[in-house]
Amino acid sequence: MASLKSSPAWKALKAHHKEISGARMRDLFADEPKRFERLSLGLGGLFLDYSKNLITADTLSLLLDLARETEVEGWRDRMFAGEPINTTEGRAALHVALRRPQGSGSVALDGRDIMPAVLASRDKIRKTAEDIRSGTWTGATGDAIQAVIHIGTGGSHLGPEMVCESLRPLGASGPKVRFVSNVDGVQIAAALEDLKPETTLFIVASKTFTTEETITNARTAKNWLIDALGDEAVAKHFIAVSGNAGVVADFGITADNTFDLWDWVGGRYSVWSAIGLPIAIALGPDAFDDLLAGAHDMDNHFKDAPLESNLPVILGLIGVWNIDFLGAQALAILPYDEGLRGLPNYIRQLEMESNGKALNREGAPVEAGTATVVFGDPGTRGQHAFYQALHQGRQLIACDFIAPMESRDKTGSHHDRLLANFFAQSEALMKGRNKDEAEAVMEAQGVPAKDRPGQLAHRVFEGNRPTNSIMVEKFDAFTLGQLIALYEHKVFVQSVIWGINPFDQWGVEWGKELATQVLAELDNGGDVKGASASTQGLIKRYRAHKAKKT
């Protein structure tokens, strides 16, 4: 693999960064009246304004050169063609095939067309969701299902939970759907607390069906059900989404109630598969199809649009510029929509698990910074939690602001007030406030003259903080599908530029392996082999406390 920092495009960007390091965004806007029009893009009802970044026409041109030099287009085409671009595991990454509509042609993988299996799974999702929502699916006692508990973790739960929360008003006629993802027994106890076994259905989602957290929760749910209804009830009250049919059968879940999960679909890219079954149940299968259609629309755009007008490419390049040249240490995802409160967590896993790596595809150290810390919170709630650091903290934090122009709630003037904050915050982060402006504000506010010198420095804002603003007409299933796929492809673009594989997660696996070893030794009383004195001491303290309670 060629050296990233030795490439002509990277060297040109480094030189360019020195040239514009003293530039002010407010001056760029003043000098270029058409800046907003030039630095914005749309796709249907989704619109991206990236003009409030410290970039010029030259910056963008050089970043596009970098995309071409690192073969973003070629790697994109290999992904859509089903080549094994997940290099460490020798697998394709064909989540894009999951949202292809019927009649869109074949997708070859290892010499066979995978689309018949994808479409058959989609049909099964529809029928299962319709049967549960209509009351046709009944439990062991003949009662209709009134509650569904989805048991998974990581990518097996973040996607469906986020979508169900985001579009909850669509699901008024469906059963209640709850999500259990933490091995902490408090969560599953709370989920079961007010439910009846006769009317409760469980979905257990795990590719291997051996994930410790998921299977522990599944066994607890199974015991809860069996205690009330007997062993035979499992067949009527459990569904599995897994690629390990044998272990699923051993658990007691029938083949008819098992959905396949293919190894060419990574967990954090799996919401489009049967992992999304809770979406079809909670919101209806039409909503799930609309979600797929929105993602497919973004896929076509990513695949076909020129780089300079390609939404995921531009968003990815802006991120590389902010991280590797401006030194941004974090990315804040800021949805001004309460329904999207789960989006920052979803994107956090997508970005940090995909690109939070120090080695490139060949196992050599990556030469640049990769995924930063991702965090966020909805709307004005976040403003009263961490925006102080966004505006005046010493660390540079890039921000993505996301908002719908139409609210799903028509209460009073709430939406205008919400969007007033959405518009104002990105403006303030870009523009900042100088001493003269701060003085004028204090005078307008009637601050006594004697107090002004002590406040002046604290009322000055540096500005020049990079932000993107994403606006949609409204958040429906189609638009949400577009948005999720936009971030998926953005992450992919960045992975190509940095030369890393975004589809594995060996760091996650190591922690899980060690936890399994510790668990096996926890009750034995001896030392955990290879553990440090700190970990041994913590375990001994826990054992001693546990012994006092038994």
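How do the residues of the lining of the largest pocket divide into nonpolar, polar and charged? They divide into 13 nonpolar, 17 polar and 11 charged, where Ala, Val, Leu, Ile, Met, Phe, Trp, Tyr, Cys and Pro count as nonpolar, Asp, Glu, Lys and Arg as charged, and the others, Gly among them, as polar.

This is a predicted model, in which local features need pLDDT of at least 70 and side-chain atom pairs count only at pLDDT 80 or more, while totals for chains, interfaces and linings use all residues. Residues are numbered from 1 along each chain as its sequence is written, and side-chain values use heavy atoms, with hydrogens and water left out.

**The two pockets**

Rolling a probe the size of a water molecule over the atoms shows where empty space is left. A pocket is found on a 1 Å grid over the protein atoms alone, as an open set of points where a 1.4 Å probe fits, with protein on both sides within 12 Å along at least five of seven lines, and its lining residues have an atom within 4 Å of a point. Grid points are joined across faces, edges and corners, and the volume is the space filled by probe spheres set on the points. Helices (H or I, at least four residues) and strands (E, at least two) are DSSP runs, numbered from the N terminus.

| Largest | about 1,100 Å³ | helix 22, eight residues |

Of the 41 residues that line the largest pocket, Thr 153, Thr 211, Val 508, Glu 509 and Lys 512 are the closest to its centre. Helix 7 (155–166), helix 9 (212–229), helix 15 (343–355) and helix 22 (506–521) each supply at least two residues of this lining. The lining of the second largest pocket divides into five nonpolar, nine polar and nine charged residues.

Two strands pair if DSSP finds at least two bridges between them. An open sheet of five strands, with parallel pairing, has the order 6-5-7-8-9. Strand 6 (176–180) and strand 9 (258–260) stand at the edges with a single partner strand each, so one side of each is left without a neighbour in the sheet. Strand 5 (residues 147–151) pairs with strand 6 over five bridges in the parallel sense, and His 150 stands opposite Phe 179 in strand 6. Helix 7, which also contributes to the lining of the largest pocket, lies across strand 5, strand 6 and strand 7 (200–205) and runs at about 145 degrees to strand 6; here axes are lines fitted to C-alpha atoms, for helices over the stretch in contact (heavy atoms within 4.5 Å), and angles run from 0 to 180 degrees between N-to-C directions.

In the loop between strand 7 and helix 9 lies Phe 209, which has a positive phi of about 60 degrees although it is not a glycine. Phe 209 is buried, with a relative accessible area of 3%, where buried means under 20%, exposed over 50% and partly exposed in between (1.4 Å probe, protein chains only).

**Strand 13 and its partners**

Strand 13 (residues 467–472) is mostly covered, with six of its six residues buried. Strand 2 (residues 46–49) runs antiparallel to strand 13 and is joined to it by four bridges, with Val 472 as the bridge partner of Leu 46. Strand 12 (residues 397–404), in contrast, pairs with strand 13 in the parallel sense over six bridges, and Ile 470 is the bridge partner of Ile 402.
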